[in-house]
Amino acid sequence: MIRFFLLQNRQGKTRLSKWYVPPPNQMTSGTSSPEAEKARIEAEVHRLVTARDKKYTNFIEYNSYKLIYRRYAGLFFTIAVDITDNELSYLETVHLFVELLDSFFSNVCELDIVFNFNKVYSILDEFMLAGEIEETSKREILDRVKLLEKME
């Protein structure tokens, strides 16, 4: 099951953050809000992913889950999944999401994601639902998103 999906640039700015399972409570110093915990995890994930050498795999065991990440241009796409899930299927999931963005925006860039974040979230919601992959057909997902766009 997918725990969260992050899209971050090289500087550490989170461009997309979708949490399917709330973050675990870390009682480090008093009471920590879920939003503060999410920000802490996002910063730690970015630090782990960017500091990792290219000669290593794109899989990192982190806390009670596994991080699967891939870098495209200046963006890092990261999925956190259960330890027992198949890494390669989720690496392919990241690639399919990038292909969806590329098809929808015709050669997507970071600015497309920043200025059209609501469309990016709708593509992600058509692709993944409640931490599971809902649809794998690129054409079907894009048709649904375009239909939703017409309804607006």
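In the hairpin formed by S4 and S5, where two residues lie between the strands, alanine 73 adopts a positive phi near 55 degrees; strands are DSSP runs of E with at least two residues, numbered from the N terminus, as are helices (H or I, at least four residues). The model is predicted, so local features need pLDDT of at least 70 and side-chain atom pairs count only at pLDDT 80 or more, while totals for chains, interfaces and linings use all residues. Residues are numbered from 1 along each chain as its sequence is written, and side-chain values use heavy atoms, with hydrogens and water left out.

**Sheet**
- An open sheet of five strands is ordered S2-S1-S5-S4-S3 with antiparallel pairing, where two strands pair if DSSP finds at least two bridges between them.
- Strand S2 (14–19) and strand S3 (59–62) are the edge strands, each pairing on one side only.

**Strand S5 and its neighbours**
- Eight of the eight residues of strand S5 (residues 75–82) are buried, so S5 is largely enclosed by the rest of the structure; buried means under 20% relative accessible area (1.4 Å probe, protein chains only).
- Seven bridges connect S5 antiparallel to strand S1 (residues 2–9), with phenylalanine 4 opposite alanine 80 of S5.
- Eight bridges connect S5 antiparallel to strand S4 (residues 65–72), and tyrosine 72 has leucine 75 in S5 as its bridge partner.

**Strands S3 and S4**
- S3 and S4 run antiparallel and are joined by four bridges, and glutamate 61 stands opposite lysine 66 in S4.

Key: Buried means under 20% relative accessible area, exposed over 50%, partly exposed in between (1.4 Å probe, protein chains only).
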